[in-house]
Amino acid sequence: MRKDMKKGILLLAGTIIVAATVTAAAETLEKKDFDCAKTLAQRCESCHYRNRICGRIGRTSERRWKAIISRMMRHGAILDKKTAKKLARCLAALGPENELCR
Ligand code: HEC
């Protein structure tokens with residue numbers, strides 16, 4: 001009986017540690033590789049198709065993207081400041097040949 005309880009506690013502790021590690025790993029990944037495609041899909045494509053955005057990719061500076069995204073936020077796009085900044089950077093970094101606009 002006592003042995004079983006010990007086992008149970010160990011198992012529980014193990015599960016918690018694994019869960020914490022997985023969560024931490026996921027957070028690091030998110031911070032490192034900002035998901036441009038996911039953000040576009042979730043925050044930008046409710047009002048217009050991606051091709052509206054793709055038309056500008058490869059010929060728009062980060063500064064310009066920031067201004068556009070701010071305008072979109074006035075239209076009603078919901079992004080926090082950090083995400084807006086990351087998105088502007090990622091869009092500006094894309095070339096005309098990219099994964100997002102194929
Ligand atoms: C609430 C609706 C809405 C959302 C969400 C939205 N847009 Fe727009 N978008 C518009 C409207 C309306 C226009 C046309 C008027 C204009 O250009 O301001 C437009 C036009 C555009 C254009 C073409 C205009 C130009 O200057 O080249 C781009 C690029 C664009 N949006 C990018 C984005 C990006 C990037 C996002 C996500 C951060 C986004 N939009 C989210 C409503 C929206």
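Gly 76 follows α4, and its phi is positive, near 130°. I keep in mind that this is a predicted model.

**Entry: overall layout**

The elements run α-α-α-α-α. That gives five helices and zero strands. I then checked burial. Buried residues make up 6% of the 102 residues in the chain. I also looked at how far contacts reach along the sequence. Of the contacts between residues at least 6 apart, 74% join residues at least 24 apart.

**Entry: around the ligand**

I listed what surrounds the ligand and found 17 residues. The closest are Cys 44, Cys 47, Met 72, Gly 76 and Ala 77. Gly 76 is also the residue with the positive phi after α4. Next I asked which elements give two or more residues to this shell. They are α2 (36-44), α3 (50-54) and α4 (62-75). The most comes from α4, with five residues. I sorted the shell by type: nine residues are nonpolar, four are polar and four are charged.

**Entry: α4**

I checked the length of α4. Its 14 residues should span 20 Å at 1.5 Å a residue, and its end C-alpha atoms are 20 Å apart, so the two agree.

**Entry: α5**

I turned to α5, residues 81-93. This helix has 13 residues and reaches 18 Å from its first C-alpha to its last, close to the 18 Å expected. Which of its residues are buried? I found Leu 87, Ala 88 and Leu 91. They lie on the same side of α5, because they cover an arc of only 100° around the axis. I noted the general rule behind such spacing: an α-helix has 3.6 residues a turn, so residues three or four places apart point the same way. The buried residues of α5 pack against α2 and α4. On the face turned away from that buried side I found the exposed residues Lys 82 and Ala 93.

**Entry: the core**

What makes up the largest nonpolar core? I counted five residues: Trp 65, Ile 69, Leu 87, Ala 88 and Leu 91. Both α4 and α5 supply at least two residues of this core. The most comes from α5, with three.

I ended on Leu 91. I set aside its neighbours within four places in sequence. Leu 91 is then in contact with Cys 36, Ile 57 and Trp 65. Of these, Trp 65 is also a member of the core.

Definitions and conventions
Residues numbered from 1 in each chain as written. Predicted model: local features only at pLDDT ≥ 70, side-chain atom pairs only at ≥ 80, totals over all residues. Near = placed C-beta within 6 Å. Helix = DSSP H or I, 4+ residues; strand = E, 2+ residues; numbered from the N terminus. Nonpolar A, V, L, I, M, F, W, Y, C, P; charged D, E, K, R; others polar. Expected span 1.5 Å × (residues − 1). Buried ≥ 20, exposed ≤ 12 C-beta atoms within 10 Å, placed from the backbone. Arc of directions from axis to C-beta. Contact = placed C-beta atoms within 7 Å. Core = buried A, V, L, I, M, F, W, Y, C linked by C-beta atoms within 7 Å.
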